[in-house]
Amino acid sequence: TTSTTMRIEKLLPPTPPAKTWTVALEGGKTLRVTESTVLDQGLFAGLELDEAAFDALRSAAASAALRARAVNMLSVRAMSAGQLNEKLMAKGATERQAAETVAWAVDIGLVNDAEYAKALVRHYQAKGYGLYKIKNELYRRRVPKADWEDALAEMDDAEDTIDAFLAKKLRDPEDRKECKKASDALARRGFSWSEIAAGIERRKYQTD
């Protein structure tokens, strides 16, 4: 049985801002790989690749492409490891490729679920949301529950947020219809009914 080989016609260094090398193969096919792949596999123009070497090169090219895609995604906005994994698979990565890319991103500090959780808590509390809404956002963004506790522990007391909301939205705390409307709005924002009831009681004294 004859073994199929593939010859490297050209090996082109990165053209800024790209950081990958271009491997031009016979037949017009090109692959983009990292410099470490070039060095590790001893690539050079004229090198004949057997099937195993070509498969390894193709795998390295796929890995480089996924890492570049991950960097691009994370440069647009932060996300959890779970979100990144989900998005990479949606773009065609296999389960193993996605997991390896996410592990790489975590290893070099591009993804940090604990810090991401804290950032989400700060962001949504600043927008006037309560505990339940914030927990829902952490869940929706696939933040591991192990990272929730420390992040939620940094939340400020809900009273100030509720009082500020009611000061704007509840002119007459004795008006049942108005109270229900304000209460429903606060519930949608993730506050508990006990927190809301306490807020309305405080509002009564503020308007006396």
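In strand E3, threonine 30 is the bridge partner of alanine 24. The model is predicted, so local features require pLDDT of at least 70 and side-chain atom pairs pLDDT 80 or more, whereas totals for chains, interfaces and linings use all residues. Residues are numbered from 1 along each chain as its sequence is written, and side-chain values use heavy atoms, without hydrogens and water.

Strands (E, at least two residues) and helices (H or I, at least four) are DSSP runs numbered from the N terminus. An open antiparallel sheet is formed by four strands in the order E3-E2-E1-E4. Strands E3 (30–33) and E4 (48–49) each have a single partner strand, so one side of each lacks a neighbour in the sheet. Strands count as paired if DSSP finds at least two bridges between them; E2 (residues 21–25) and E3 are joined by four.

| Residue | Bridge partner in E3 |
|---|---|
| alanine 24 | threonine 30 |
| tryptophan 21 | valine 33 |

Four residues separate E2 from E3 in a hairpin, and glycine 27 in the turn has a positive phi of about 95°.

Leucine 49 belongs to strand E4. Leucine 49 counts as buried because its relative accessibility is 3%. Beyond its neighbours within four places in sequence, leucine 49 is in contact (heavy atoms within 4.5 Å) with residues including Met6, Ile8, Leu25, Phe54 and Leu57.

Key: Buried means under 20% relative accessible area, exposed over 50%, partly exposed in between (1.4 Å probe, protein chains only).
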